[in-house]
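Me: Could you take me through this model by question and answer, giving the cut-offs as we go?

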Amino acid sequence: MTPPYRVGDELPPLEIPVTRTLIVAGAIASRDYQDVHHDAASAREKGSPDIFMNILTTNGLVGRYITDHFGPTAVLRKVAIRLGAPNYPGDVLRLTGRITELRTADTSSADASSDEVVDAVEAVVQVTGGNGIGRHVTGTVAVTLPEPSAKRAGA
């Protein structure tokens, strides 16, 4: 069974409001206590107009974008991102993606007591994210998409 994906397919965009709460919560959740992610006065003292999102929050949002699209059985294999324009409160991060490669892969079942081998497809997705001042993130995500009906007999 071949999944309904093709190289060149565009993922629907995801728009995420960049709130002060999202920025602070993301920094706390990723244990990034740098003051530029939670203290506006300190951020201004360091040359920024306001607090801004950290890279780990952006990384998590990129992962969410991919798994929201491909579903709960998708497994992120590699996320490689590069930041550009900062995400400030009051803006909107708009993520977009395009499948650049599809390849097959054999993966063993996560259950160590099972000898099940599942045919899977790995998709490589080019992701970009912009906001009101420019390109916030660019990157590549590799994600495995298992095909549950492709169990091979006797494997």
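Me: Which residues make the nonpolar surface patch of about 250 Å²?
Reply: The model is predicted, with local features requiring pLDDT of at least 70 and side-chain atom pairs counting only at pLDDT 80 or more, whereas totals for chains, interfaces and linings use all residues. Residues are numbered from 1 along each chain as its sequence is written, and side-chain values use heavy atoms, leaving out hydrogens and water. With areas from the Shrake-Rupley method and a 1.4 Å probe, the patch is made by Ile55, Leu56 and Leu83.

Me: Is Leu83 buried, partly exposed or exposed?
Reply: Leu83 is placed in strand 2, strands being DSSP runs of E of at least two residues and helices runs of H or I of at least four, numbered from the N terminus. Buried means under 20% relative accessible area and exposed over 50%, with partly exposed in between (1.4 Å probe, protein chains only). Because its relative accessible area is 36%, Leu83 is partly exposed.

Me: With which side chain does that of Thr144 make a polar contact of 3.0 Å?
Reply: Thr144 lies in strand 5 (residues 134-151) and counts as buried because its relative accessibility is 5%. A polar contact pairs N or O atoms within 3.5 Å; within protein, one must be able to donate a hydrogen and the other to accept it, and residues adjacent in sequence count only if both atoms are side-chain atoms. At 3.0 Å, the partner of the Thr144 side chain is that of Arg77.

Me: How far apart in space are Pro72 and Leu145, C-alpha to C-alpha?
Reply: Pro72 sits in the loop between helix 3 (55-70) and strand 2 (75-83), where it is exposed because its relative accessible area is 87%. Although 73 residues separate Pro72 and Leu145 in sequence, their C-alpha to C-alpha distance is 9.5 Å.

Definitions and conventions. Patch = residues over 30% accessible without salt bridge, like charges linked within 9 Å, V, L, I, M, F, W, Y side chains within 5 Å. Salt bridge = Lys/Arg side-chain N within 4 Å of Asp/Glu carboxyl O.
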